[in-house]
Each structure stands twice: as C-alpha cells, then as structure tokens.
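Please look over the sequence and the structure shown here. A briefing follows, grouped by topic.

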There are 2 protein chains.
Amino acid sequence: MPTKAPLRKRRKEARPSELTAAALGLFVEKGFAATRLEEVALRAGVSKGTLYLYFDSKEALFKAVIQEGMMPVVAEGEAIAARHEGSATDLLQRLLENWWVRIGETEYAGIPKLMVAEARNFPEVAQFYYENVIRRGRALVGAALERGMASGEFRRMDIETTIEVVIAPILMLLIWRFSMGACQSNQADPRQYLAIHMDLLRQGLQGSRV
Amino acid sequence: MPTKAPLRKRRKEARPSELTAAALGLFVEKGFAATRLEEVALRAGVSKGTLYLYFDSKEALFKAVIQEGMMPVVAEGEAIAARHEGSATDLLQRLLENWWVRIGETEYAGIPKLMVAEARNFPEVAQFYYENVIRRGRALVGAALERGMASGEFRRMDIETTIEVVIAPILMLLIWRFSMGACQSNQADPRQYLAIHMDLLRQGLQGSRV
DNA sequence: TAACTTACTGACCGGATAGTCATTAAATTA
DNA sequence: TAATTTAATGACTATCCGGTCAGTAAGTTA
C-alpha cells in the first residue's frame, strides 16, 4: 500500500525556477497582494519555509519573476532591431510580432497588468521594471520611428508622445484580457486587433510624399 | 479653553457622499484592497462604525464610488452624440474632449486604473462597471465610427476591433499616470498626447475617396 | 555505518484589519 | 423636561498571512 508520508527530496537547483513559475501563475491570477506565499509554496511542491531559503521576501520573489520573464524578451527585441535592414514599418511589424509571440501568447502575458496594478504599492519593483523593461522597450519603438521619419517614410511627429500612442493599444490588449476580459463573452480576436492597429498606424504615420 | 472632546454631530444626509468622496481618494491612492476602512472613516470625519451604518460592506462602498463618479459622465456623452450634427471626426473629437474634461482632469481620473487592478478579485463590481460604463462608452464610439463609415468619411473596418484601438491610448494615458507614472520624471503632456492620437486617427481612418 | 552537513519542514508569532455590538449622546416628541 | 428614538462611537472578535526558527531527515564523507 502507498505511503502517505510526503517524501522529502533535496533539489537545490530546481527549486528557484519552480517557485518563480508557481508565483507567476498565482500573481497573474490573483495579484501580488492577494497571493499567499503558502499557496505559492504548495503549488511548487515545497513548504513555505523552503521558499524563504531561496527568496528573502515576497517582494524579492516578485522581482525575480519579472526579471526571469520579461528581460530576455526585451533583449531579443534589441537584437532584432540591430540586424534589421528593411523599412521602418517592417521593423515595427517585426517588433510587434516578437512581442506577441514571446509575451502575448505565453503565460507572461499577465505581467503588464500585474505591474500596472501593483506599481504604486511596490515602487521599488516598479522602478526596476521601468528601467529594465519599459525604458528599453520604448527606446526600441522610438528608434524605429526616428528611422522612418529620417527616411521620409513617416511624417514628422513628436517622438516621445508617438511612442506611447503606438504602444498603448498593444498593452491595453493584454491588460484588458487579464482584468475586465472576463466580463465580455466574446473576446476580440487578438490577431485581428493587432492587424487593425498596424494598419491604422501604417496609414496614420505615412509621410505625405509617399 | 477649547474642549478636546470630538463633538458628535448627526448629519444623516451628508454622510454617504462624504464617505464615498473619502473612499474615492484613498482607493485611487492605494487601491481597494490596501485601503483600510478606518482610514476612510477618519478622512470623512466619522468612526468606522458609522461607515457601516451607510454601507453594508467594503465592496458596497466601492460600488457606490463607481456609480457616483462615472455614470453621469457616460450619460453626458450619450447626450452629446444624440444632438451632434457635424462630421464623425468632429463627434469623436467632442466625445474625447468631454471625457477628458469630466474624467481626465478630475479626481475620477484614477478609476480606470482602479478597475483594471481590482476587476479580477471583485468580479461583481467589475460586471457592474462593465455594463454601466464600458459597454455604453464603447457603444458611443462604435456609433461614431459607423456614422463615418456610412458617409465615406472613414474607410470600412471591423467596428468592434476599431473601437478598442481608438479607445486604448486614452485609457492607457490615465492608467499610466496612476501606475508607472511615478517612475518617469517627465510626464508627457496629456493635451499633446491626445492631439497626436486624434491626428493619427484622422489620417488612419480616412476613407480613400476623400 | 557513524558522523556530519544542510535542504527542508511546519508550528508558531506578531501585526494588521473587516466586520460586530453594547453603549453613548444628539435630536425629537409629548 | 422627561421619555423616546436613533446617529454615532470605539472596543472587541475572528481571521488571515508574512516571516521566523528549532527541529527533522536526506544525502555526503570518512
């Protein structure tokens, strides 16, 4: 007959990523404040005490989740921009596609809404996210816009502000899905949403000489 | 000499709105979950017990705040649309202007972020907000877009999806201000942001025949 | 296989807070 | 002004959860 005793394994290497994975899921489901560390530990198959062996505090765990999930994707976007040679519109399209495939269609999709929801109550984490994700993401879009304006492909507009207008619909799509999304029966198709956004942008940004 | 005894006044009529006003401020500052009812009561100049004379629960107070703050503005937008006679672009511009003056520049500006942050943990309130604010707001924009497409002023696009792309930057502007906004030293100027958004939209939506 | 190291456990502590209720006193009525 | 009604109070309860730490046992070394 099977023993009920919960056999205790020592797996020092695997624990941290198992814990951040469990935390990601719960943070996205319930938010940071509403997630109990006991539940994170349970989902990762360890006790709460073990969690504290690997992370100093709940906030440190949060930071680790952000770091592990988002920063590699930003770096990838930077690589795409660095080796791109086509039009600025194409570059914007590629960056968007990468974002969508690496974030929008994965379990990390919930992080933007998580950050928006918790930023005020955890300013240190917000600052970290801003410096390492948002700032760099905005810089990517800004560089693409500047390239397009320099070549005449786009008309001249204020760069900083245009960056925000370009990014906003993409962020809102994810924020929406993880907040009010449950209220709507028929969710809009993300692919169509992104296509329309790019289409509006293409015509909206278009330089007059084209 | 002045007595320190906190004189107790009976003001049955004034209490509810004073309490919702205090709650609005605190909810926007700290979020729903992180706001203590004791503090709401203190700010309204009463005790916590008094708060429970007027609202059954913390959630009921939340709902009252939403109802009092947002629904009148939606109704006003509906009135604007009903009596509008100019172009569809003009109508969009007017709706945007009304939203900005009645929400964006007031203390209610924090509500969209508040709803996004709390929707998942308070589905009943989220549902209420969706039915009474979002649904009606979207319908307004949808009607303006349809009018423009019917007249040839706008090219034909999927209405539901376009609504979202049109609204997203406006919501993000407020959501940003009340979340990550503190991380950025130089906030973008909202008026310029809205102007660029409308400008991109005007050219992006433009029908080919114009 | 005995001694040792350390990953892991879970009972526990302290502080916080939503909601309750017996009591107090302001206003009203007789 | 005495009796009555009810707005307002604040101490209290029950619960929840982040973080701690003394103890346990898995794995390693000699």
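Apart from its neighbours within four places in sequence, M172(A) is in contact with A168(B), L171(B) and M172(B), where contact means that the C-beta atoms of two residues, placed from the backbone, lie within 7 Å. This is a predicted model, in which local features need pLDDT of at least 70 and side-chain atom pairs count only at pLDDT 80 or more, while totals for chains, interfaces and linings use all residues. Residues are numbered from 1 along each chain as its sequence is written, and chains are lettered from A and ligands numbered from 1 in the order in which they are written.

**Core and burial**

- M172(A) belongs to the largest nonpolar core, which has 129 residues, and A23(A), F27(A), M172(A), A23(B) and M172(B) touch the most other members; such a core is a set of buried Ala, Val, Leu, Ile, Met, Phe, Trp, Tyr and Cys residues joined through C-beta atoms within 7 Å.
- Of the 210 residues of chain A, 40% count as buried, a label given when 20 or more other C-beta atoms, placed from the backbone, lie within 10 Å of a residue's own, whereas 12 or fewer make it exposed and values in between partly exposed.
- G137(A) lies in helix α7 of chain A, and it counts as buried because it has 20 C-beta neighbours inside 10 Å.
- Although G137(A) and E78(A) are 59 residues apart in sequence, their C-alpha atoms are 8.5 Å apart in space.

**Chain A as a whole**

- Chain A has 9 helices and 0 strands, these being DSSP runs numbered from the N terminus, with H or I over at least four residues for helices and E over at least two for strands.
- The C-alpha trace of chain A spans about 80 × 40 × 35 Å along its principal axes.
- Among contacts in chain A between residues at least 6 apart in sequence, 69% join residues at least 24 apart.

**Where chain A meets chain B**

- The contact between the two chains takes 41 residues from chain A and 41 residues from chain B.
- On the side of chain A that touches chain B, α6 (111-118), α7 (123-151), α8 (159-177) and α9 (190-205) each supply at least two residues, and α8(A) gives the largest share, 10 residues.
- That side of chain A divides into 25 nonpolar, 10 polar and 6 charged residues, where Ala, Val, Leu, Ile, Met, Phe, Trp, Tyr, Cys and Pro count as nonpolar, Asp, Glu, Lys and Arg as charged, and the others, Gly among them, as polar.

**Two helices of chain B**

- P112(B), K113(B) and V116(B) in α6(B) meet L171(B), L174(B) and I175(B) in α8(B), and by class this contact has 5 nonpolar, no polar and 1 charged residues.

**Surfaces near the DNA**

- DNA strand D is surrounded by 24 residues, of which K58(A), V46(B), S47(B), G49(B) and T50(B) are the closest; a residue is near a strand if its C-beta atom, placed from the backbone, lies within 6 Å of it.
- α3(B) gives the most to the surface near DNA strand D, with 4 residues, and that surface divides into 5 nonpolar, 5 polar and 14 charged residues.
- DNA strand C is likewise surrounded by 24 residues, and here the closest are V46(A), S47(A), G49(A), T50(A) and K58(B).
- α3(A) gives the most to the surface near DNA strand C, with 4 residues, and by class that surface has 5 nonpolar, 5 polar and 14 charged residues.
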